[in-house]
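Welcome! Take a moment to look over the sequence and the fold before reading on. The report below walks through a few parts of it in turn.

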Amino acid sequence: QDQLAGFDVPLEGFHTETGPGVYEAAVAAAEGVAGGDRAALFKTAVKEIAARHNLIPTFMAKWNAELPGSSGHIHQSLWKDGKSLFASASGELPPLMKHYIAGLVANLCELQVMMCPTINSYKRTVPGVWAPVNATWGVDNRTTAVRAIPSAGKSSRVEMRLPGADMNPYLAMAASLAAGLDGIERRLEPPPPTVNAYSGEAPPLARNLAEATRLFRSSALARRAFGDEFVE
């Protein structure tokens, strides 16, 4: 943690996770592009630090077919004048937070390739191993793609659980923001929250990179938010 602080990447937590050699690092939140900077620097810093100990870390989404994959969850909230717009004293989701979640769910399939950029990414998103397989949301539900975490204070947030450790943080964050703001602009309402995302009839996510690319290329939101040149 001390060495990561030298890269301006403060950690709020670091602990073992699901499987041998797997660790979870909670990088402290930052505003906008600075959050992407911290995520990118985290990967670089860990590689540099590990090399000093003759270790080679991997940020593959799925390095072993028999074990859960490695995720890159993005916790996000909207703020104005120093206050979280997602905060709720009642514990109920504020309307703005609902619209944001609805936008994430509605656009997730089309923008998936910005969060899952490699062939290996799609080996992680399989049923039963804490990775999403469809466009779903729930309150404090770790089987869904979008997890709502309501709170009265600054910790009220949305967790995007689709990206793996192989994500480009800038693209994954941009996709989340474009989708969520689209939900706010169109005042979308989310579908009913999901109890178990591994059952039911929610829109399935792409099963491979080729399918995700086709969906992205046909996305009106992607072209409006990022431009034709970027999409192509």
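Which elements do the buried residues of α2 pack against? They pack against α1 (2-5), β1 (11-16), β2 (23-27) and α5. Please keep in mind as you explore that this is a predicted model.

## Helix α2

Let us stay with this helix for a moment. Helix α2 covers residues 33-51, 19 residues in total. From its first C-alpha to its last it reaches 27 Å, close to the 27 Å expected at 1.5 Å a residue.

Several positions in α2 are buried: G35, G36, R38, F42, K43, A45, V46, I49 and A50. Two of these, F42 and I49, turn up again below as members of a nonpolar core.

## The nonpolar cores

In soluble globular proteins, nonpolar side chains tend to be buried together. Here, the largest nonpolar core has 36 residues. Within it, the residues with the most contacts are I101, L108, M115, V146 and M160. Two or more residues come from each of α3 (95-111), β7 (146-149), β8 (157-160), α5 (169-185), α6 (209-217) and α7 (220-226). The biggest giver is α3, with eight residues.

Beyond its neighbours within four places in sequence, M115 is in contact with L108, M160, L162, P163, G164, M167, A172, A175 and S176.

## Where α3 meets α5

Now find helices α3 and α5. They pack at an angle of about 125°, and their axes are 6 Å apart. The two helices are therefore oblique to each other, and their crossing is right-handed.

Which residues make the contact between α3 and α5? On the α3 side they are L96, H99, Y100, G103, L104, N107 and L111. On the α5 side they are A175, S176, L177, A179, G180, L181, D182, G183 and I184. Of these, A175 and S176 are also in contact with M115.

## A closer look at E159

Finally, turn to strand β8, where E159 has its place. Is E159 buried or exposed? Its relative accessibility is 3%, so E159 counts as buried, the cut-off being under 20%.

Leaving aside neighbours within four places in sequence, E159 is in contact with H73, I74, H75, A145, V146, R147 and I149. One of these, V146, is listed among the residues with the most contacts inside the largest nonpolar core.

How values were computed
Residues numbered from 1 in each chain as written. Predicted model: local features only at pLDDT ≥ 70, side-chain atom pairs only at ≥ 80, totals over all residues. Heavy atoms only, no water. Core = buried A, V, L, I, M, F, W, Y, C linked by side-chain atoms within 4.5 Å. Buried < 20%, exposed > 50% of the residue type's maximum accessible area, 1.4 Å probe, protein only. Helix = DSSP H or I, 4+ residues; strand = E, 2+ residues; numbered from the N terminus. Contact = heavy atoms within 4.5 Å. Expected span 1.5 Å × (residues − 1). Axes fitted to C-alpha atoms, helices over the stretch in contact; angles between N-to-C directions. Parallel < 35°, antiparallel > 145°, perpendicular 65-115°, else oblique. Left-handed = near helix turned anticlockwise from the far one by under 90°.
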